[in-house]
Amino acid sequence: DLLVGLLDYMKARFRDDRAKFLAVADSPLATIEAEFNLAEAYCKPSSRLLKVWASFFVAAQTDEVLRDSLSEFWGEWSDGVKESLRAAKKANAIREDSAFRDSGFLVSIMIGLGISGQLLGAGFDAGSRIDLMVNGLTIE
C-alpha cells in the first residue's frame with residue numbers, strides 16, 4: 001500500500017532526526033532535553049513531520065493497516081522516550097511526582113503541541129509550553 005510505504009518513510013526520517021538530536025546528549029538530563037528539543041523542532045511551521053502525521057491520522061480512521069502502522073510509530077517514539085526517562089530516573093535527574101514521567105502521556109502532549117504549532121503557525125509559542133514541561137519534569 002502506498003500510504004503505508006510513505007508512513008514507513010516518515011518513520012525513517014523520524015529515526016534519523018531523533019538520532020541527530022540525541023547524539024549531542026552527554027548525560028541522562030541532556031538526553032531528556034534533546035527529546036524536548038526534537039519535539040520543539042517539530043512544532044515549527046517549517047517542519048513537515050507532524051503535518052504528515054496529522055494527515056496519516058485522518059486517513060487511518062478508515063484504514064486498519066495504516067492505523068496499526070501509525071500506532072507502531074507512536075509506540076516507537078514513546079518507547080524511545082521511556083528509555084530516556086529510565087536513564088534520567090536512575091541519575092536522579094527527574095522528579096518522582098511529575099506526570100511527565102509517563103512516556104505515553106509525554107509523547108501525546110508533544111504530538112499535540114506539534115500539531116497545534118502547525119495549525120497556529122508563528123503565533124503559537126511551543127517553546128514556552130515545552131519549557132513548562134521540562135521544568136515540571138527535571139531536577140536541575
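Helices (H or I, at least four residues) and strands (E, at least two) are DSSP runs, numbered from the N terminus. The model is predicted: local features need pLDDT of at least 70, side-chain atom pairs count only at pLDDT 80 or more, and totals for chains, interfaces and linings use all residues. Residues are numbered from 1 along each chain as its sequence is written, and side-chain values use heavy atoms, with hydrogens and water left out.

Start with the open space. On a 1 Å grid over the protein atoms alone, a pocket is an open set of points with protein on both sides within 12 Å along at least five of seven lines, whereas a cavity is a set where a 1.4 Å probe fits but cannot get out. Lining residues have an atom within 4 Å of a point. Grid points are joined across faces, edges and corners, and the volume is the space filled by probe spheres set on the points. The largest pocket holds about 310 Å³ of space. Its lining has 15 residues, and Arg13, Asp17, Ser47, Arg48 and Leu49 lie nearest the centre. Helix 1 (2-23), helix 2 (28-43) and helix 3 (49-60) are the elements that each give two or more residues to this lining. Helix 1 gives the largest share, six residues.

What kinds of residue form the lining of the largest pocket? They divide into 10 nonpolar, two polar and three charged. Here Ala, Val, Leu, Ile, Met, Phe, Trp, Tyr, Cys and Pro count as nonpolar, Asp, Glu, Lys and Arg as charged, and the others, Gly among them, as polar.

Now turn to the aromatic rings. A pair of aromatic rings is described by the distance of the centres and the angle of the planes. Rings of Phe, Tyr and Trp (its six-membered ring) pair if their centres lie within 6.5 Å; planes under 30 degrees apart count as stacked, over 60 as edge-to-face and the rest as tilted. By this rule there are seven aromatic pairs. Take Phe14 and Phe73. Their ring centres are 5.0 Å apart and their planes stand at 80°, so the pair is edge-to-face. Phe14 lies in helix 1 and Phe73 in helix 4 (residues 64-90), so this pair ties together parts that are 59 residues apart in sequence.

Phe14 is buried, at 1%. Phe73 is buried too, at 0%.

A second pair joins Trp53 and Phe57. The ring centres of Trp53 and Phe57 lie 5.8 Å apart with planes at 10°, so the pair is stacked. Both residues sit in helix 3, four residues apart, which is about one helical turn. Trp53 is buried at 10% relative accessible area, but Phe57 is partly exposed at 42%.

Ring pairs also link Phe14, Tyr42, Phe73 and Trp77 into a cluster. Contact means heavy atoms within 4.5 Å. Leaving aside neighbours within four places in sequence, Trp77 is in contact with Phe14, Tyr42, Leu50, Val107, Met110 and Ile111.

Next comes the core. In soluble globular proteins, nonpolar side chains tend to be buried together. A nonpolar core is a set of buried Ala, Val, Leu, Ile, Met, Phe, Trp, Tyr and Cys residues joined through side-chain atoms within 4.5 Å. The largest one here has 37 residues. Met10, Phe36, Leu70, Phe73, Trp77 and Leu106 have the most contacts inside it. Helix 1, helix 2, helix 3, helix 4, helix 5 (103-120) and helix 6 (126-137) each give two or more residues to this core.

Finally, look at the loops. Ala91 sits in the loop between helix 4 and helix 5 and is partly exposed at 41% relative accessibility. Ala91 and Ser27 are 64 residues apart in sequence, yet 8.9 Å apart in space, C-alpha to C-alpha. Asn92 is in the loop between helix 4 and helix 5. Asn92 is exposed, at 61% relative accessibility. Asn92 has a positive phi of about 55° although it is not a glycine.

Phe124 lies in the loop between helix 5 and helix 6, and at 13% relative accessibility Phe124 counts as buried. Not counting residues up to four places away in sequence, Phe124 touches Leu113, Ser116, Gly117 and Arg129. The C-alpha atoms of Phe124 and Ala12 are separated by 27 Å, and the two residues are 112 apart along the chain.

Key: Buried means under 20% relative accessible area, exposed over 50%, partly exposed in between (1.4 Å probe, protein chains only).
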